[in-house]
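Please walk me through this protein, from the whole chain down to a single residue. Keep it brisk.

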Amino acid sequence: TSSAAWSPDGTRILTTDNNGIRMWDATTGKNTHTLTTRTDLLMGRAKIAWSPDGTRILTTDNNGIRMWDATTGKNTHTLTTDWTDSTAWSPDGTRILTTGLHGIRMWDATTGKNTRTLTASTMNSVAWSPDGTRILTTGSRGVRMWDATTGKNTHTLTTDWTDSTAWSPDGTRILTTGHNGTRIWDATTGKNTHTLTTDWTD
């Protein structure tokens, strides 16, 4: 198995492996749905994400990004057929962020329509702030913060290669890891407040 994820209510499990992306009943261990059998696991591209309310699923692989009904297992929307690296639901489940060959885009989670393109540059990952008002993007161009309503780049934390990032639970601080180690940033000012290590951290 390449990856696995619990549903928000803990009753179901999603897995990615050589047989594709499958859903399982967490009580009985039975495979209830096979969402897709066409994943690019050798390249590590197959990823899964439950919506916050557990009613929908996003899958990303070499065929792009698709949305599925978590009850029926049916594909309801194909957001893009471009190679997609990562995706994230907004905390309220109304919007979706994706990053890949198409750059960084925002989508309406109900209609599946692309509502905004933040940048055409490819980034590695995206992360919503806990309150859904801000977005972080990471990659070879560093870490940038965006206003989720206007789509404006409000801060560039660093231009160094960055592998991952995470918000603090209260949304006041940001953690980044990459070629220049692990650092903590003030989420209001965008200033680096602490450097935990200067070692390359994945």
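What follows starts with the overall fold and ends at one side chain.

This is a predicted model.

Next, the overall dimensions. Along the principal axes, the C-alpha atoms fill a box of roughly 50 × 35 × 30 Å. The radius of gyration is 17 Å. A compact globule of 202 residues would have a value near 17 Å, so the protein agrees with that expectation.

Now the packing. Of the 202 residues, 48% are buried. Take the contacts with a separation of 6 or more: 31% of them join residues 24 or more positions apart.

Then the surface. The protein exposes about 9,700 Å². Carbon and sulfur atoms supply 49% of that area. Charge comes from 20 positive and 19 negative side chains. The centres of these two sets lie 5 Å apart.

Finally, zoom in on T176. Where does T176 sit? T176 is part of strand 18, which covers residues 173-178. Is T176 buried or exposed? Its relative accessibility is 3%, and buried means under 20%, so T176 counts as buried.

Which residues does T176 touch? Leaving aside residues up to four places away in sequence, T176 touches V143, T162, S164, T165, G181, T182, R183 and W185. With W185 there is also a polar contact, made between the two side chains at 2.9 Å. T176 is thus a buried residue in strand 18, with a side-chain polar contact to W185.

Terms used: Residues are numbered from 1 along each chain as its sequence is written. This is a predicted model: local features need pLDDT of at least 70, side-chain atom pairs count only at pLDDT 80 or more; totals for chains, interfaces and linings use all residues. Side-chain values use heavy atoms; hydrogens and water are left out. The radius of gyration is taken over C-alpha atoms; the globule rule is 2.2 Å times the number of residues to the power 0.38. Buried means under 20% relative accessible area, exposed over 50%, partly exposed in between (1.4 Å probe, protein chains only). Contact means heavy atoms within 4.5 Å. Accessible areas come from the Shrake-Rupley method with a 1.4 Å probe; for residues, only the protein chains shown count as cover. Lys and Arg count as positive and Asp and Glu as negative; His and the chain ends are not counted. The place of a charge is taken as NZ of Lys, CZ of Arg, CG of Asp or CD of Glu. Helices (H or I, at least four residues) and strands (E, at least two) are DSSP runs, numbered from the N terminus. A polar contact is a pair of N or O atoms within 3.5 Å; within protein, one must be able to donate a hydrogen and the other to accept it, and residues adjacent in sequence count only if both atoms are side-chain atoms.
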